[in-house]
Amino acid sequence: MSSNFADVLVIGGGVIGLAIAKSFAAKGREVIVLEKENTFGSVTSSRNSGVIHAGVYYDKDSMKAKFCADGNRRMYEYCQKFNVPHINTGKFIVATSSNEIPKLEEIFSKAKYNGVEGIERVTGNYVTSKEPLVKCIEALFVPSTGIVDQNALMRSYLGELEESSGNIAYNSQFLKSEIFENKFCSTVLSDGEEIIIKSSIIINAAGLKAENVANNILPLDQKHIPKTYFAKGNYFETGKDLKIRHLIYPIPDDASLGLHLGLDLGMQVRFGPDVEWVDEIDYLVDKERQVLFHNDIRKYIPSIKIEDLKAGYSGIRPKLKNKGEGKSDFSIQGEQDHGINNLMNLFGMESPGLTSSLVIADYVCDLMD
Ligand SMILES: Cc1cc2nc3c(=O)[nH]c(=O)nc-3n(C[C@H](O)[C@H](O)[C@H](O)COP(=O)(O)OP(=O)(O)OC[C@H]3O[C@@H](n4cnc5c(N)ncnc54)[C@H](O)[C@@H]3O)c2cc1C
């Protein structure tokens, strides 16, 4: 069995793992990222909406609220500096009935508290003047929302990591780790062979599998490992440019932001994600959900036809609260939480994890320093 050494071992080559890895490498630390798949970011980081969120919805003073508002600014600066394709589309959050107005007001005041810049209340007629297919009675306009090419973003993070002499090992699955003489000794299944990697620091950024990874780090106490629930989000696609140029969001509920209208960088319209609680990771989209999608979408686009909606892709949110239990925040746990020096576990890294990735990376590096 061969043995290697890294100063920092990052488990998971998704958008958050890569952002953290490049930040450590930029500080001159020797970094290895372990990725069990044969490429980076192929799990949740490429199965999302690609939205640069503004930070509207998140509970006051939560990590999500703080990281997202800051992450939004940082993401635009980063994309401009490194030529990552993105568009600042702006978005409308639409109320389609009068009983949704109190919720709209609540979102408005939360957004202002969270520091969302430029948000304003607009009339339904104003929305229709900008987006003729969309009907509502009142809306919030959020100018700082946009979209980004997630894969180009991750390629850029990876490029920075490699320029600072960091590495990513594909087909390399973390199995377990124990502490020996103040170092983590991790067993990794790499291209079918078990190897040992010793490191000073472990960052568990394994996304949907973060709970599983944490369970295999000794002597981490189980009471510090939250249970992760899976909330699948399905998308239905139109495959068309409907000449809509803003993202359109209905009023959210506790588990999701509602069945919204998203755009890719070619302006093709897709809807979702919805929420389907699942026990296993399975990305098949059930065509039967088309009716549920149509019922929700036609509230704000009355002209949408059911046959316009084709089953698309799906992604799975790692949730720290189960169905009906309400919202949860990111859970980023270091020594102050679990008592083990130089170990950081990231749990529940759902939306807005993509938007917040640069800020999360700095937060983790600063805590470790
Ligand atoms: C439907 C949906 C829509 C979303 N929309 C948005 C959005 O519009 N904007 C936004 O900001 N956020 C959005 N998000 C959230 C965002 O996608 C996530 O926060 C982000 O991708 C999480 O990145 P990650 O690196 O933590 O996880 P992942 O991308 O899942 O990466 C974890 C990696 O760890 C690897 N791994 C797991 N176990 C092991 C192991 N034992 N050994 C080695 N490697 C391992 C996996 O293969 C994986 O590549 C959305 C999420 C979902 C599900």
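Predicted model: local features only at pLDDT ≥ 70, side-chain atom pairs only at ≥ 80, totals over all residues.
The domain assignment divides the protein into domain 1 (3–46 + 152–227 + 327–368) and domain 2 (91–143 + 229–319). The centres of domain 1 and domain 2, taken over C-alpha atoms, are separated by 32 Å. Contact between them involves ten residues of domain 1 and nine residues of domain 2. On the side of domain 1 that touches domain 2, three residues are nonpolar, four are polar and three are charged.

The packing of helices was examined next. Two packed helices are described by the angle between their axes and the distance between the axes. Helix α1 (residues 15–26) packs against helix α5 (residues 150–163) at an angle of about 25 degrees, and the axes lie 8 Å apart. Angles under 35 degrees count as roughly parallel, and α1 and α5 are therefore roughly parallel to each other. Their crossing is left-handed. On α1, the contact is made by Val15, Leu18, Ala19, Ala21, Lys22 and Ala25, while α5 contributes Gln150, Leu153, Met154, Tyr157, Leu158, Glu160 and Leu161. The contact of α1 with α5 holds ten nonpolar residues, one polar residue and two charged residues.

Helix α1 also meets α9; the axes of these two helices come within 8 Å and cross at roughly 35 degrees. In this case the crossing is right-handed. The residues of α1 involved are Val15, Ile16, Ala19, Ile20, Ser23 and Phe24, and they meet Gly353, Leu354, Ser357, Leu358, Ile360, Ala361, Asp362, Val364 and Cys365 in α9. Eleven residues of the contact of α1 with α9 are nonpolar, three are polar and one is charged.

A further partner of α9 is helix α2 (residues 63–81), whose axis comes within 7 Å of that of α9 and crosses it at roughly 95 degrees. This angle makes α2 roughly perpendicular to α9. From α2, the contact includes Phe67, Cys68, Asp70, Gly71, Asn72, Arg74, Met75 and Tyr78; from α9, it includes Thr355, Ser356, Leu358, Val359 and Ile360. By class, the contact of α2 with α9 is made up of seven nonpolar, four polar and two charged residues.

Most residues other than glycine have a negative phi, and most peptide bonds are trans. A cis peptide bond joins Gly272 to Pro273, with omega at about 0 degrees. Pro273 is located in the loop between β16 (269–271) and β17 (276–278). Ser351 and Pro352 are likewise joined by a cis peptide bond, for which omega is about 10 degrees. Pro352 is found in the loop between β20 (343–347) and α9. Asn182, although not a glycine, has a positive phi of about 65 degrees. The loop between β10 and β11 (183–190) contains Asn182.

Conventions:
Residues numbered from 1 in each chain as written. Axes fitted to C-alpha atoms, helices over the stretch in contact; angles between N-to-C directions. Helix = DSSP H or I, 4+ residues; strand = E, 2+ residues; numbered from the N terminus. Parallel < 35°, antiparallel > 145°, perpendicular 65-115°, else oblique. Left-handed = near helix turned anticlockwise from the far one by under 90°. Contact = placed C-beta atoms within 7 Å. Nonpolar A, V, L, I, M, F, W, Y, C, P; charged D, E, K, R; others polar. Domains from an automatic or database assignment.
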